[in-house]
Amino acid sequence: MSSAPFVTDGFWFGGDYNPEQWPRETWREDVELMQRAGVTTATVGVFSWALLEPEEGVYDFGWLDDVMAMLYEGGIGVVLATPTASPPPWFSLAHPDALTVRADGVQRWHGSRDTYCPSAPAYREASRRIARALAERYGDHPGLRAWHVHNEYGTICWCDHVARAFRAWLQRRYVSLDVLNDAWYTAFWSQHYSAWEQIVPPRDTQYLHNPTHAVDFRRFVSDEYLDCLRDQRAEIEACGSHAPVTTNFMLPTWNNLEQWSWAEELDVVAIDHYLDTTAPDGETHVAYGADLTRSWAGGQPWLLMEQSATTISLDGRIAYKEPGRMLRDSLSYIAHGSQAALFFQWRASAAGSEAWHGAIVPHAGADSTGFRGACELGATLRAIGEVAAPPVDGRVLDADVAILWHADGWWALENRSLPSDLLDYPTAVRRTHRALWHASVAVDFARPGTDLSAYKLVLVPSMFSLDAAAVRALGTYVTGGGRLAVWYFSGVADENLHVVTGGYPGRLRDLLGVRVENFLPLGPDEHVELSDGLHGGVWSELVHLEGARALATYVGGPLDGRPAIAAAQRGAGTAYYVSTLLDPASTATLLDRLMAQAGVTPVLGTTPPAGVEVVRRRGAEHDYLFVLNHGATDVTVRGDGYDLVGDRPTVEGVLVPGGGYLVARESTAPRWTVTVDEGEGADGLR
Ligand code: GLA
């Protein structure tokens, strides 16, 4: 990523626009409605390949020319996608070897989307060609705001093209087969490879996969897709287009890319984020996705490329997302650093596989609460437009706490030959993040191996494998005065997933001053009680103190009286070890204690009433306070600032009703209070 922050003129509002699904009369209505709602940006062309290139090498840009012109004349910027996520049927029939093959060897057919193999030469060639054709035609279009390369990279293929590319990747990584055999521990189960050609992707096999083979394949897939992105980026740049290039990562469930290295190659990091939970937990999920993305972006502004407007997809059904929720969620993404509130999609499709997906213009049309909510969002974003200008250093949030995060950690725990099937990386990470959200504390995610000295407290939830650089960085951080808390099953293995023997958590044993002799995973209904009143589940272990002191011990059961939480003084800092998955309330209690010791305070010094989210976003000339009342109880916010939407000073107090919000420009040294409203009559209901 370039070091200059991604700057936009105000916040982008809009989303995926698929005019090819509609007659031209609808296009005219679309622009009129977009203007009415205050839409600034439309993402066009994501799934348009079959119409743009109806035959190999034959292009039909007429309709897209018209769409680009219409949007430009209507004052709406375009994020132009390359359509490579959905090759046309003619392509698949002409190049059947570019279709994906499942792990069991069955070839998938066209007839859906994402039916491509990233390593098939024909697909790579066709992708470069269409990217170039688009860049030649629209690279200097005055309405172009950004390039949206592909859509949600991550389809996995196990075919022979992939096998060849995987081998080449392995050759680059290991150089010799001896090194690979050692890294993959192939002495186990007679897996020794005597020729590169013997290696295949981890296809369906008789029993468990070799875990290092499996995790290397995940790393390869991420790198292979990064090459696909580079291919297209090179074509775009070769045409002289200067519009920023991005692609949309998918959260929360897709886990196919190593985002830290991807972010380095994008002009701006973008995500699609679909909530996996309804209120109240959904709000914490918004912040989780947003904090991750801002962190991948080096603390700088990023783009929320997609969210759902009027629905949340739950297990097997859709839940209605009320407009106030859409507004607050959008403001939360923005508070946490997004330059945009974009949606999938502008107008609900009349048919097709996603006809029931939420949209800014739902099936009911503009006469709907959903569309009216969108109009309110558009007006709100206009009113807070000045917030979009980032500070000179580009860092839009100040955080004293960081959570160590890496895709490797997730991939390693997706391996099913672990001591417990209940080990789950997102659960461990989100539990700590959620506790910080409830404590109203700003948090970053940090890349293993990087300098952590800017943080007062660093948390490492269940990062199974750590390389030497990551271990060194944690040690340097602690001895330099940092406070580090490490959860069970972290640093147990090296980057090849080899257990560091002699006692767990091998690589962190000295730093943490503990030696774990045995793991005692718990059943789904089993729990442990600790001497300091905290409770845990999923995991427990037999911990010996080797330089650390016990802060809490297990009570009862086979570990009665043995250390459960420990602390070791190391240089000027302290390293804590937590040997169980604390339940949510206990996680909050522990983090409160650690934050008190580390001098970490809530954004406003004290924790606001439950359900109220407070975020301070740094701007070019001011800081801005976002108060999002996700709860039902009205609160009063008082402090020296200016309510950008209500257009009035906040010093006398602003009532933020349940479901409401406040975005305030702060004065130089503001002192804010957020209190439950006692009905004293502060005005400003929204
Ligand atoms: C993704 C895709 C969109 C659409 C939405 C539906 O984010 O990018 O094309 O399928 O999911 O949630």
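The following legends describe close-up views of a predicted model. In this model, local features need pLDDT of at least 70 and side-chain atom pairs count only at pLDDT 80 or more, while totals for chains, interfaces and linings use all residues. Residues are numbered from 1 along each chain as its sequence is written, and side-chain values use heavy atoms, with hydrogens and water left out.

View 1. The shell around the ligand consists of Phe47, Arg113, Asn151, Glu152, Asp272, Tyr274, Glu306, Phe344, Glu354 and His357; a residue is near a molecule if one of its heavy atoms lies within 4 Å of it. By class, three of these residues are nonpolar, two polar and five charged. Here Ala, Val, Leu, Ile, Met, Phe, Trp, Tyr, Cys and Pro count as nonpolar, Asp, Glu, Lys and Arg as charged, and the others, Gly among them, as polar.

View 2. Oxygen atoms of the ligand lie 2.6 Å from a polar side-chain atom of Glu354, 2.9 Å from one of Arg113, and 2.7 Å from a side-chain N or O atom of His357. On its own the ligand has 310 Å² of accessible area, of which the protein covers 93% (Shrake-Rupley method, 1.4 Å probe; for residues, only the protein chains shown count as cover).

**View 3. A cis peptide bond at Phe344.** Phe344, one of the residues around the ligand, is joined to Gln345 by a cis peptide bond with omega of about -5°. Gln345 is in the loop between strand E11 (340–343) and helix H12 (369–383). Helices (H or I, at least four residues) and strands (E, at least two) are DSSP runs, numbered from the N terminus.

**View 4. Further backbone features in loops.** Tyr504 and Pro505 are linked by a cis peptide bond, with omega of about -15°. Pro505 belongs to the loop between strand E15 (483–487) and helix H16 (509–512). Tyr185, which is not a glycine, has a positive phi of about 55° and is found in the loop between helix H7 (177–183) and helix H8 (211–238).

**View 5. An open sheet of ten strands.** The strand order is E13-E12-E14-E15-E22-E21-E20-E17-E18-E23, and the pairing is mixed; two strands pair if DSSP finds at least two bridges between them. Strand E13 (443–446) and strand E23 (581–582) are at the edges with a single partner strand each, so one side of each has no neighbour in the sheet. Strand E17 (residues 527–530) and strand E20 (residues 549–555) run antiparallel and are joined by two bridges. Glu529 stands opposite Val555 in E20.

**View 6. An open sheet of three strands.** The order is E29-E26-E31, with antiparallel pairing. Strand E29 (654–656) and strand E31 (673–676) are the edge strands, each pairing on one side only. Strand E26 (residues 635–638) is joined to E31 by four bridges, and Val637 has Val674 in E31 as its bridge partner.

**View 7. An aromatic pair.** The structure holds 35 aromatic pairs, defined for rings of Phe, Tyr and Trp (its six-membered ring) with centres within 6.5 Å; planes under 30 degrees apart count as stacked, over 60 as edge-to-face and the rest as tilted. Among them, Phe61 and Tyr138 form an edge-to-face pair, 5.9 Å centre to centre with 90° between the planes. Phe61 lies in the loop between helix H2 (49–52) and helix H3 (62–73), and Tyr138 in helix H5 (residues 121–138), so the pair ties together parts 77 residues apart in sequence.

Note on methods. Polar contact = N/O pair within 3.5 Å; in protein donor to acceptor, adjacent residues only side chain to side chain.
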